[in-house]
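Look at the sequence and the structure first.

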Amino acid sequence: KRLTPQQQRLDAERLETAELEAIVFGGRLGSAKGSADEPPEAAEAAATGEGQSKKKRRLGGASAPEKAAAPAPKAAWNDPDDDKLEADIMITPATRMLRRNRGEARLDGKEYERRLRERFVKLNGQARWAEEAAKQTTSVGQARVDSDSDDEDDVATSALLAGATVGEGPLPQDELAVTTRRQVRFDHEGKKGPCAINALQFHPTSDLLLTAGFDKRLQLFAIDGEDNQKMSSHHFKKFPIDNASFTPNGDQVLLTGLNNYEMWCLDVRTGTPLPIKSLASQSPGRYFGLAVGPQPSEEAGLRSSSMYCVLGESGSVIVSDVATKHPIRTLRMSARGSACVFAGYRDTLFTADMECNIYEWDLATGRCLQKRKDPWATGITRLAVRRTSRYAPTPILAVGTTTGNVDIFDASGPKLSKEPTKAIDNLVTRVTSLAFHPGGELLMAASRLKPDSLKMIHAGSGTVFANWPRVQGRLGSVSAIDASRASGFLAVGNESGRVLIYQLPHYARGV
């Protein structure tokens, strides 16, 4: 008895959708046979056997029989027709990932189910952010509840595999611990993509990573430091992607193009693309400088957590609603815009123009609260705002310039200071990437105009970590950077189309 091509296609589509939901939303993933009532522990035991004991031996744990292994629970019912099934795994890309070698084309029912279970264990084992979230306190910036138990589930799986010690307390100022992990593989032939990485961002609540570039393709990867499995790939015809970003709640992805006044939206859960037509009555030429509001769980009650904004060619700033994609307000600067970022700690928006003016806008009224000129800059390219946390209590505004300087402004008061409180001048070319780590203690700055131009800055002291990157020529021309909130991963995209993955052990528990 064989599965019909239509049944296999529907089975593969359900599998791919369920896997993506398990990675992003922490949902429970059942096998293709419909065993949704079986607990994940049973599936893991059936698929991996002695995986836990092997992992403990690899980490240097005691190999003595501390506790007898519990036998795997028996299935409540077995279908005798499963032995007669034969599945064609070459019919869809999702099922082709189940192959062990290139010669495999068909699997019997039991082997097909076993490989589905193995894939479930691999993917669902990394979706522990929901369990960790239950251990956090409700107040913003308060530390995670520490446990003295030796339970491995309290530490992210990726940190255990790296063999690194999970950091506690504030980030050290003298040295940054970084572990090299396996880079993202875009296809079976090589690890390099077809074009430069223009957009690179982690999901707000998980280790799902998006990449995009001028090849008109958006790709999603489940980052675990080992397999970094590709979850989906989406092609946008005649739309070279200049920037892409998750919405504040992570349900959708917003995209802007290179020479197009249109935008696109992708539903992460279903993979459905939706076009966003012109956002204003007058066409601005093209949209650029995409920025989204803060995650709703960071600051409760902020209107900006449901907004995003883009810049227009004529100095306009279009603020839109995430749900409807309709413009809420159109702000106007005195010169062409260069960067924008939401404050994150209050309902305001920071923007910058080509004349080095920095604006702060009230999102409730649309009025300009302040206008400051950066006296040390000849041109502003990037803006970034630090989210507050226990070890980063003060919000600061980082300004990237055309000369490579990164100016730091204190943003805790009602007005910005007239001059920067700190200036980092370790880069010598235009700052093209600027982002804070979700923990707020680390600032990342890069320039794609010179190879290996990536600097990791301790935000509190304004000092640059000298111990990393240590090897010159490995990073290439860095075009995009981002850090994960869940497991301490750091992704670095470059002009060659590679996405390098590192891990910061200090943040392996998440922030």
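## Terms and model

Buried means under 20% relative accessible area, exposed means over 50%, and partly exposed lies in between (1.4 Å probe, protein chains only). This is a predicted model: local features need pLDDT of at least 70, side-chain atom pairs count only at pLDDT 80 or more, and totals for chains, interfaces and linings use all residues. Residues are numbered from 1 along each chain as its sequence is written, and side-chain values use heavy atoms, without hydrogens and water.

## Salt bridges

The structure holds ten salt bridges (a side-chain nitrogen of Lys or Arg within 4 Å of a carboxyl oxygen of Asp or Glu). One of them joins glutamate 226 to arginine 181, with the closest N and O atoms 3.1 Å apart. Glutamate 226 lies in the loop between β6 and β7 and arginine 181 in the loop between β3 and β4, so the pair ties together parts 45 residues apart in sequence. Helices (H or I, at least four residues) and strands (E, at least two) are DSSP runs, numbered from the N terminus. Glutamate 226 is partly exposed at 30% relative accessibility. Arginine 181 is buried at 8%.

Helix α5 (residues 109-124) holds glutamate 111 and arginine 115, four residues apart. Their side chains meet in a salt bridge at 2.7 Å, N to O. Arginine 115 is buried, at 7% relative accessibility. Arginine 117 and glutamate 113 also lie in α5, four residues apart. They form a salt bridge at 3.2 Å, N to O. Both are buried.

## Strand pair

Strands β18 (residues 357-362) and β19 (residues 368-373) run antiparallel, joined by five bridges. Strands pair if DSSP finds at least two bridges between them. Isoleucine 358 stands opposite arginine 372 in β19.
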